[in-house]
Amino acid sequence: MTFDVTIPVLNEEASLAENVGILHDFLKSNFPSTNQWRIIIADNGSQDLTPVIGKQLQESLTNVSYLQVNKRGVGLALKASWQQSSADIVGYMDLDLATDLSHFLSAYEAIAKSDADLVYGTRLHPQSAVIGRSLKREIASRGFNWLLKTYLGVHFSDGMCGFKFLKRDIFDELLTLGANNDGWFFSTELLIIAEWRQKKLYELPVKWTDDASSSAVKILPLAKRYIKSMQAIKRKKNQIKL
Ligand SMILES: Nc1nc2c(ncn2[C@@H]2O[C@H](COP(=O)(O)OP(=O)(O)O)[C@@H](O)[C@H]2O)c(=O)[nH]1
Ligand SMILES: [Mg+2]
C-alpha cells in the first residue's frame, strides 16, 4: 500500500532539514520502493527560513514535497495535504520526532496487513514510555483526555498524540461527517468521529520523547478553544452517530 507522511510545520528552520532527513533515511531503508511513499512538509504561516529550506528539501530529496497553505492552523495544513494525496494511507507525525520512528512500522502493518482503519499513538497506556514531559503538560493531557471520555463518551486513550495514520478513504468520510477543524482539535476530531462511526481504531502505545523547549503550544488558550470545539462536536453527535 502507498502512504503519505505529512509533517505540519510552523517556523521550524532550526530542525527542519535534519529531522526530515532522519525520517527520509528511515523510510528509504524500510520501504526501498520509492514510489510507495512521500513525505509532505505542510507549512502555513512560517515567517522564518522554513519555506526556503522546505523547497530545498523538495529539490534535493526524492519523495519530499513542500506544501504551502496560506492560512494558519495545523488542521488546515493536514486537510490540505491529505486532500491532494492519492496514497492509500495518509497520516502525520510531529517534526520533533517525539514519537519513536520504529512505531511507524507497526502503524503501517496495522493498516496494510491487518484490518485497522485508523492507528493512533498513545502516551497514556501502561506500555507507553514518556520521557521528558513537564508536569504541566502531563496534567493537561490527562485532564483533556478525561474530559473527552466523560463529556463525549469516547473510549480512545489519547486524543492529542502527534502520530496518526488512516486509510485515505476513511479520511474523506470523516471529513464529510465534520472532522474539519482548522486547528489542533482536528487531530482529536478524527478519532471522535471514527469511533462514533464504529471504524476500527488501533491503539499504539508509543515511546514519546518530549522536548519542552521546542514546543509551540500555549496550553490555556488552546484548552479554551478545545472546550468550545468539544461543545460544537457534541451538538452534532446524534447526526454523526446515525
Ligand atoms: N502547519 C502547521 N504546523 C504547526 C502549526 N503549529 C505547530 N505546528 C507543527 O506541529 C508539530 C507539533 O508542534 P510542537 O510544538 O512540537 O507541539 P507539542 O509537541 O505538542 O508541544 C510541529 O511539527 C510544529 O511545527 C501550525 O500552525 N501550522
Ligand atoms: Mg513536540
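How do the residues of the shell around ligand 1 divide into nonpolar, polar and charged? They divide into 11 nonpolar, 6 polar and 5 charged, where Ala, Val, Leu, Ile, Met, Phe, Trp, Tyr, Cys and Pro count as nonpolar, Asp, Glu, Lys and Arg as charged, and the others, Gly among them, as polar.

Before the points, a word on reading them. This is a predicted model, in which local features need pLDDT of at least 70 and side-chain atom pairs count only at pLDDT 80 or more, while totals for chains, interfaces and linings use all residues. Residues are numbered from 1 along each chain as its sequence is written, and chains are lettered from A and ligands numbered from 1 in the order in which they are written.

1. **Around the ligand.** The shell around ligand 1 holds 22 residues, and P8, L10, A77, L95 and S215 come nearest; a residue is near a molecule if its C-beta atom, placed from the backbone, lies within 6 Å of it. The elements giving two or more residues to this shell are β1 (3-9), β2 (37-43) and α3 (74-83). Helices (H or I, at least four residues) and strands (E, at least two) are DSSP runs, numbered from the N terminus. β1 provides the largest share, with 3 residues.

2. **Two domains.** The domain assignment gives domain 1 (1-97) and domain 2 (98-242), and such bounds come from an automatic or database assignment. Ligand 1 has at least three residues from each of these domains in its shell. The C-alpha centres of domain 1 and domain 2 lie 20 Å apart.

3. **Where the domains touch.** Domain 1 puts 24 residues into the contact and domain 2 puts in 26 residues; two residues are in contact if their C-beta atoms, placed from the backbone, lie within 7 Å. On the side of domain 1 that touches domain 2, the elements giving two or more residues are α1 (16-30), α3 and β4 (89-93). The most comes from α3, with 6 residues. By type, that side of domain 1 divides into 15 nonpolar, 5 polar and 4 charged residues.

4. **The core.** The largest nonpolar core has 62 residues, of which I7, I41, L118, V119 and L190 touch the most other members. A nonpolar core here is a set of buried Ala, Val, Leu, Ile, Met, Phe, Trp, Tyr and Cys residues joined through C-beta atoms within 7 Å. Helix α7 (residues 185-196) gives this core its largest share, 8 residues. Both domain 1 (1-97) and domain 2 (98-242) give residues to the core, so it lies between them. As for L118, its contacts, not counting residues up to four places away in sequence, are K164, L166, I170, L190, A194, K199, L201 and Y202.

5. **Helix α7.** Why can α7 be called largely enclosed by the rest of the structure? Because 11 of its 12 residues are buried; a residue is buried if 20 or more other C-beta atoms lie within 10 Å of its own, exposed if 12 or fewer, and partly exposed in between, with C-beta atoms placed from the backbone. Among the buried residues of α7 are F185, F186, L190 and W196. The length fits too: at 1.5 Å a residue, the 12 residues of α7 should span 16 Å, and the end C-alpha atoms are 16 Å apart, which agrees. The expected span is 1.5 Å times one less than the number of residues.

6. **Two positive phi values.** Most residues other than glycine have a negative phi. N11, not a glycine, has a positive phi of about 50°. N11 sits in the loop between β1 and α1 and counts as partly exposed, with 14 C-beta neighbours inside 10 Å. Q198, also not a glycine, has a positive phi near 60°. Q198 is in the loop between α7 and β8 (201-205) and, with 9 C-beta neighbours inside 10 Å, counts as exposed.

7. **M93.** This residue lies in strand β4. Is M93 buried or exposed? M93 counts as buried, with 25 C-beta neighbours inside 10 Å. Setting aside neighbours within four places in sequence, M93 is in contact with V5, I7, T99, G162 and F163.

8. **G132.** Have a look at the loop between β6 (129-131) and α5 (135-152), where G132 is placed. G132 is exposed, with 12 other C-beta atoms within 10 Å. The C-alpha atoms of G132 and D211 are 79 residues apart along the chain but separated by 6.7 Å. Beyond neighbours within four places in sequence, G132 is in contact with T209, D210, D211 and A212.
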